[in-house]
Amino acid sequence: MGNTSHHTLKIDTFTCAWCGLTVSAVAGDGKRRNHCPSCLHSRHVLDHVEGGAGDCHGRMAPIAIAVLRTGDWMVIHRCVRCDELTSNPVCGDDNQLILMRMAVRPLAQPPFPLEAFGTL
């Protein structure tokens, strides 16, 4: 018998903390991802204050969109357990409807009446 080797392809995946979807850790555009492309939730596994691995493991809820000076969008997450905030790059296959809902929410629900602009 000849030398047979079995090649297996290991795909790095994680299960979404919110919707349960099994997600590839590499997005369609080749970038590493740490949030679900469907619901944009993630898991708090890094300690962004101290650096390195964290032990919170709370669910990170998407709460806002930030637009960098470069024009790149970032998803702002808040941990539902410890309230830490993080930012993560938007991936090309992220749910565009949820992204746009978060982006327009401040305009759709302003903290003051928009009629105030009529007098300016």
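**Model.** I kept in mind that this is a predicted model, where local features need pLDDT of at least 70 and side-chain atom pairs count only at pLDDT 80 or more, while totals for chains, interfaces and linings use all residues. Residues are numbered from 1 along each chain, and side-chain values use heavy atoms, without hydrogens and water.

**Lining.** I found 14 residues lining the largest pocket, with Phe-14, Ala-25, Arg-33, Asn-34 and Val-45 nearest its centre; lining residues have an atom within 4 Å of a point. Strand 1 gives the most to this lining, three residues. Strands here are DSSP runs (E, at least two residues), and helices are runs of H or I with at least four.

**Salt bridges.** I counted three salt bridges in the structure, each a side-chain nitrogen of Lys or Arg within 4 Å of a carboxyl oxygen of Asp or Glu. Asp-12 forms one with Arg-32, with the closest N and O atoms 2.9 Å apart. Asp-12 is in the segment before strand 1 and Arg-32 in the loop between strand 2 and strand 3, so the pair ties together parts 20 residues apart in sequence.

**Helix 1.** I checked the start of helix 1, where a side-chain oxygen of Asn-95 reaches to within 3.0 Å of the backbone nitrogen of Leu-97.

Technical notes
1 Å grid on protein atoms, 1.4 Å probe; cavity = no way out; pocket = protein on both sides within 12 Å on 5 of 7 lines; lining within 4 Å. Polar contact = N/O pair within 3.5 Å; in protein donor to acceptor, adjacent residues only side chain to side chain.
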